[in-house]
Amino acid sequence: MRLLRPGDILVLALAAAVVGAAYGTFWTERTPGQSVVITVSGTPVDEHSLSEPATIAVEGAIGTSHLEIAEGRVRFTDSPCNGRYCVHSGWLSKSGQVAACLPNGVVVEVLGGEREYDAISL
Amino acid sequence: MNQAALNDAHAEDRLVAGFAALAIAIHILEAAFPSPLPGIKPGLANVVTLVVYLRHGLRLAAWVAGLRVLVGSLLVGTFLSPTFALSATGALAALLTMGLAGAIGGRHIGPVGLSVLAAMAHMSGQVTVAYLVFIPHAALLKLVPVLLTAALLFGTVSGIIAAIVLRILDRPRATAP
């Protein structure tokens, strides 16, 4: 029995690729964002600067989502959805970060600074 | 159940017990060693699971891994703690991946490939549960590349050890269980 079979080499190559991708994904520096764009059902409805504190109410598909901006960050404070995944996303401050309340169709994205890519395809 | 079937069942039980005891011993030895980084340990107990899987199939491997996680945690004192949950998740993810890869790869995949896959699955499963259940913080994700690198290295090493063990067990005159 040989130590390495073709499948083993394939697995090793794939595993190395995954490890490399992990470094690329998790060790990318993020830059602070400057503003936040609020999108409802695919259409941008509002843009706010992150430097001015504010509380915002956004009408979505199933109710009102509440946002809070403070200290250069933004977060969902409440949303009429199950699980409140958007609220659990916590504060967003870095360019490219996104929080979404999918049931309500409300998406919040931080813009400004150096825009980062969430995916690159070659 | 007739006598022959009963004997077979007993032989299988003894096999599982023997291998599980070996895995538990390795598990506890590893727990005693200081770890260079939290969450990283060689996972040599998985060598036993892998050897059992390749020699006796997934069902017995699952028994050995399950007993190892259960008894290991009772002896180390982490039963039903977060460590236990992570250990169980990792073992389950590793077993499922190993079984799946073995079923797909067949003869073309050997101990090293299976071990690397199992180690990566083990680590991924643990990190996912750790992140979702215990520490939902971005700092944990920063550790992911390091943890996966460790999984790749230790998975390869475990695989090579398993290959050597299998080679020794496959010798005609070996008195192996």
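This is a predicted model: local features need pLDDT of at least 70, side-chain atom pairs count only at pLDDT 80 or more; totals for chains, interfaces and linings use all residues.

Residues are numbered from 1 along each chain as its sequence is written, chains are lettered from A and ligands numbered from 1 in the order in which they are written, and side-chain values use heavy atoms, with hydrogens and water left out.

Chain A has two helices and seven strands, where helices (H or I, at least four residues) and strands (E, at least two) are DSSP runs numbered from the N terminus. Read from the N terminus, their order is α-β-β-β-β-β-α-β-β. Of the 122 residues in chain A, 31% are buried, that is, under 20% relative accessible area with a 1.4 Å probe, protein chains only.

In the loop between strand 5 (73–78) and helix 2 (85–88) of chain A lies A:S79, which counts as buried because its relative accessibility is 1%. Its side chain makes a polar contact with the side chain of A:S65 at 2.7 Å; a polar contact is a pair of N or O atoms within 3.5 Å, where within protein one must be able to donate a hydrogen and the other to accept it, and residues adjacent in sequence count only if both atoms are side-chain atoms.

Finally, chain A gives 20 residues and chain B gives 23 residues to the contact between them, contact meaning heavy atoms within 4.5 Å. Six residue pairs are in polar contact between chain A and chain B, both residues at pLDDT 80 or more.

Note on methods:
Buried means under 20% relative accessible area, exposed over 50%, partly exposed in between (1.4 Å probe, protein chains only).
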